[in-house]
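Here is a short briefing on one protein chain. Look over the sequence and the model, then read the points below.

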Amino acid sequence: MRASRAAACLPYVICLAVAAVLWGLTGQITFDQRPGQLGPAFWPRVAIVLMIVAAAIEIVRKLFSPAPEHEISGVGEVLEASAEDGDDAPRVPPLLFGAMALTLGYGLVVTTLGFVTTTFLFLVAFMYLGRYRNTVVIWLSALFGTLVFAVVFLKIVYVSLPRGTAPFDSITQGVLDLFGWL
């Protein structure tokens with residue numbers, strides 16, 4: 001039983017190791033410090049700290065929580081029990097691969113189309129891919145979501161977003177002008 005608990009902690013230990021490597025990489029970011037402004041390593045380090053906290057909580061939970069009845073038996077029986085208790089939601093691998101392709105495509109075209117245009121199109125396509133069919137809700141929530149992301153990144157986190165190339169940079173400029181009014 002002790003070995004199975006240690007094995008259950010392995011993914012979180014790997015997560016901690018990855019966090020340590022990422023933390024070291026953020027120390028290599030070079031920049032000119034401006035008084036009163038956060039450096040470019042601040043937000044990545046916040047994310048890394050959250051990753052470390054989540055992994056540590058899970059390690060403690062796995063090691064010290066009371067063992068469920070089915071954990072006391074063998075691993076094979078646990079797998080059989082989880083298969084029997086599994087949810088009845090259908091698995092649709094093409095949707096998963098479609099979402100992965102959308103995410104990869106987002107990363108490939110964001111510098112050309114700009115953050116605003118790419119995020120809007122991504123959100124619309126993702127909702128359609130997820131089989132949501134209320135068109136008005138899709139387009140309005142994509143517009144609202146894009147504006148919220150832009151406000152968070154531009155006004156709160158102070159991240160420079162890709163503007164895109166012509167003619168898409170004019171869309172980004174329009175959104176930046178809109179934020180000038182906020």
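Rings of Phe, Tyr and Trp (its six-membered ring) form a pair if their centres lie within 6.5 Å; planes under 30 degrees apart are stacked, over 60 edge-to-face, and the rest tilted. By this rule, ring pairs link Tyr106, Phe122 and Phe126 into a cluster.

This is a predicted model: local features need pLDDT of at least 70, side-chain atom pairs count only at pLDDT 80 or more, and totals for chains, interfaces and linings use all residues. Residues are numbered from 1 along each chain as its sequence is written, and side-chain values use heavy atoms, without hydrogens and water.

**Overall build**

- The protein chain has 8 helices and 0 strands. Helices (H or I, at least four residues) and strands (E, at least two) are DSSP runs, numbered from the N terminus.
- Of the 182 residues in the protein chain, 19% are buried. Buried means under 20% relative accessible area, exposed over 50%, and partly exposed in between (1.4 Å probe, protein chains only).
- The accessible surface of the protein chain is about 12800 Å², and 71% of this belongs to carbon and sulfur atoms. Areas come from the Shrake-Rupley method with a 1.4 Å probe; for residues, only the protein chains shown count as cover.
- Among contacts in the protein chain with a separation of 6 or more, 62% join residues 24 or more positions apart. Contact means heavy atoms within 4.5 Å.

**Aromatic rings**

- The count comes to 6 aromatic pairs.
- In one of them, the ring centres of Phe120 and Trp139 are 5.5 Å apart and the planes meet at 55°, so the pair is tilted.
- Phe120 lies in helix 6 (residues 115-129) and Trp139 in helix 7 (residues 135-156), so the pair ties together parts 19 residues apart in sequence.
- Trp139 is partly exposed, with a relative accessible area of 39%.
- The charged end of Arg45 sits over the ring of Trp23, 4.4 Å from its centre. The rule asks for NZ of Lys or CZ of Arg within 6 Å of the ring centre and within 35 degrees of the ring normal.

**Helix 1: two residues**

- Leu10 lies in helix 1 (residues 2-26). Leu10 counts as partly exposed because its relative accessibility is 48%.
- Ala19 is also placed in helix 1. Ala19 is buried, at 1% relative accessible area.
- Leaving aside neighbours within four places in sequence, Ala19 is in contact with Ile48, Met51 and Ile52.
- Ala19 and Ile48 are 29 residues apart in sequence, yet 5.9 Å apart in space, C-alpha to C-alpha.
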